[in-house]
Structure formats: C-alpha cells, structure tokens
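Here is a short briefing on one protein model and its ligand. Look at the structure first, then read the points below.

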Amino acid sequence: MTQLEGLSMEEIIEQGKNVVMNTYGRLPMTMVKGEGAWVWDTEGKRYLDFLTGLAVNSLGHSHPAIVKAIQEQAQEILHTSNLYWIPNQVALAERLVKHSFADKVFFCNSGAEANEAAFKLARKYAKKMYGSPKYEVLSMENSFHGRTLATLTLTGQTKYQEGYDPLPVGLSYTALNDVEGLKAKISEKTAAVFIEPIQGEGGVIPATSEFLQKARALCDQYGALLVFDEVQCGVGRTGKLFAYEWSGVTPDIMTLAKALGGGVPIGAMLATDKVAAAFQPGDHASTFGGNPLATAVGCAVLDVMLAEGFFAGVQERANYLRQGLEQLARKYQTGDPVRGQGFILGWPVAKFGPELVESCRQKGLLINCVGGKTLRFLPPLLAEKAEIDEALNILDDVFSEIWK
Ligand SMILES: Cc1ncc(COP(=O)(O)O)c(C=O)c1O
C-alpha cells in the first residue's frame, strides 16, 4: 500500500518540504516498490539498487522469507516490551551467539543505539573492574558511528559534531591502520577502542589484519575493550557473516544493525559473558529493542544467510563485480585501486563523483559517493551476474560520457 496514491513525484516532494524536517539532502526520487535487486519509483521508472538502502536490504527487496516472517508475526503479536521474555528475541540471540565470538546480546533499534549501548557497557565495565578514572574511549579518524550525542562524538569526523558542543568528554581519535599512532594514544585510562573493520561512510577503507591484531594486543595490555562496529560491514556484507572473521581477530563487543532486519529496524550489541556481566537490570534498556516483529525478521534473515552455500555464492558474485569494476578502473585510468571486501566496495575517483552518481541514477543504477571521491557499491548479496553485468554496462556508459 502506498500513501499519497495518485500524486506525482513533484507533488509528493513539494508536500514533503512543507512537513518533513530538513535534515537530508535528498535526491528527487520517490521509491514505492522493490523486488530483488530492483526498485520502482512513483513514475514507474525502474532502477537497479546497488545501494540497498545503505546496506540494509541485503537480501534484496521483498525477499519471500522476510515477507513471510512479517506477515506471520503480524498475525500473532507485534510488541510486548522487555518487561517480559520474548521468545523470538531469545531465538535470534541464540543464532548470533552460536555464530560469533559473543555470549550475550542486547537488542535495540539502530546502529547508533547499538554503539551507544557499547559505549555505556564499556564505561560500566571499566568502572566495575578498575574504578575511576578509566573512562577514555578511542576511535578512528574518518570513522562513522552514528548521530546520537555520544556516537557523533565517537565519529572521527568533525563535520558531524559542529554546533553540538559541549560534547561528551573523554574521547579521542587515532588514524586507522597506524599502529604507532594507536600505541601513542592508548593508555591505562582507555576503557575501549572502537574500530569499523571496514570504514563505510569514511570511504570503504578496510582495517588491515595487522592493525586489528595489534589493536587486540594493545587492548589486552591496557585492559581496554576492543569494540568492532559492524553496523555496515557485518551480517553477510563482506561474504562472511561477520567482517572480523576475515582477520581472525575477535573483539570484546560488536555492534550490528542495518542488514540484520532486512529493512525492519533493529540493532544489536554483542559481548562476551565477562563484559556483558557489567550490565545489571536497570542499567540499560530500549522499549522497542528486540521486539517480536524485529527479531522474527532477524531470525529469517540469518536463516537465509546461514544456509549451506550462501556465502560461497556471495563471494563468487562479489568477486565478479570487483573484477568488473577493476577492469573499468583500468580502462578509464581512474587511479587508486578498488577497495573493500565482498559486496562492500569502493571505487576511488578523484573527480566527478557526484556527476557520475547522478548520471548512473538517470540511467537506472543506484550507487552513491562517499567523502566526495569514492563510488560506493552495496548491492544485494543475491545480485545475479546478469544484474552485475547490467550495472557494469551502465557504469561504462557513464564513464565514457563523463570521465576526462
Ligand atoms: C559503521 C556505522 N555505524 C553506525 C551507523 C549508524 O547507524 P544508524 O543510522 O542505524 O543509527 C552507521 C550508519 O551508516 C554506520 O555505517
């Protein structure tokens, strides 16, 4: 069902400007339907969605398992609150625990909330284990962790912080992949170090395995918790369930959101038993967190991803896309190599980023440009080779017109 049926795209946007707060630089587009890798707008135009709502619709649009879970759960019960035990929440936590380093899960509704929960847990844990003043938190320059006051302060990009001071205290930043920089900043006062195994909003920049290993060792040395933010790169995106699996380095806490709900809002903060024990009843909460609907869908998403052969297929198709992008990067001599892992790929383009994205959109391919100079690809994990070919053809077309 679509509200505002019968209105043109322009009319919807005009109405929207009157009543919706002006926090986004939105493109003039009104999507109302999706199926697999495809979406349609109110004008009936079809697009190949290689952005998937910013890494959310990882199983594609209207995946039958997700539709079924929503329909069935809606007929049973949608919400009960965390005053009571929620069977679906237990089932989703069991799946996450079984397939990760973690022992316990806290559920919330978004990536920012998951990181906020991780931040609070890290401070609580440090206080409980070591007492004051072990409250400092380190994060990476160029990182992105969310828009709440604490998580935008964790975010190592000042543009997100301007105008919101005074910001929470005790946070500082160090460069990703710079072991010496991390050594210089970490201390006995450090409660936690936050790292995205692949920086998404920062331009699809992977942490090296060496850096993650050293970060693990330094955290152990100083009694700091290592927190991996897998909100964007987790839940299948890299071709394994969690991005940290590629490095073999396990964190103490991990945050998830986005793809875990396949389009239904959910967030999760996972931790080892030892760390999770710092939270006691009343220490943290969320009204909607892990409600029956969101966790029914989370279970459905994981069941699809954990089926035999799923990730082998993702890795194969993701390599196919990567090779295609690399070929185009060579053809147009765009410079730096394509970055990323699996289906989170960044193609550095020193110029024309926004124009390339807009031209792709006009030709029916949705991607975006991060940091003004990296084209970002977050296709559905089930994107077929023919769809990847179509995306590559559009890109070839667009580059032949724009790239000089
Ligand atoms: C790595 C990372 N962490 C946290 C967030 C914040 O997630 P949300 O927008 O769901 O609050 C994002 C969003 O893009 C993200 O990419």
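**The ligand and its shell**

The shell around the ligand holds three nonpolar, six polar and four charged residues. Here Ala, Val, Leu, Ile, Met, Phe, Trp, Tyr, Cys and Pro count as nonpolar, Asp, Glu, Lys and Arg as charged, and the others, Gly among them, as polar. This is a predicted model: local features need pLDDT of at least 70, side-chain atom pairs count only at pLDDT 80 or more, and totals for chains, interfaces and linings use all residues. Residues are numbered from 1 along each chain as its sequence is written, and side-chain values use heavy atoms, with hydrogens and water left out.

**Around the ligand**

- The ligand is surrounded by 13 residues (a heavy atom within 4 Å).
- The closest are Gly111, Ala112, Asp229, Gln232 and Lys258.
- Helix H5 (residues 111-130) gives the most to this shell, three residues. Helices are DSSP runs of H or I with at least four residues, strands are runs of E with at least two, and both are numbered from the N terminus.

**Polar contacts (N or O pairs within 3.5 Å)**

- A polar side-chain atom of Asp229 is 2.7 Å from a ligand nitrogen atom.
- A polar backbone atom of Ala112 lies 2.8 Å from a ligand oxygen atom.
- Lys258 places a polar side-chain atom 3.1 Å from an oxygen atom of the ligand.
- The protein buries 81% of the 390 Å² that the ligand exposes when taken alone (Shrake-Rupley method, 1.4 Å probe).

- Strands E2 (residues 38-41) and E3 (residues 46-49) run antiparallel, joined by three bridges.
- Trp40 has Arg46 in E3 as its bridge partner.

Technical notes:
Two strands pair if DSSP finds at least two bridges between them. A polar contact is a pair of N or O atoms within 3.5 Å; within protein, one must be able to donate a hydrogen and the other to accept it, and residues adjacent in sequence count only if both atoms are side-chain atoms.
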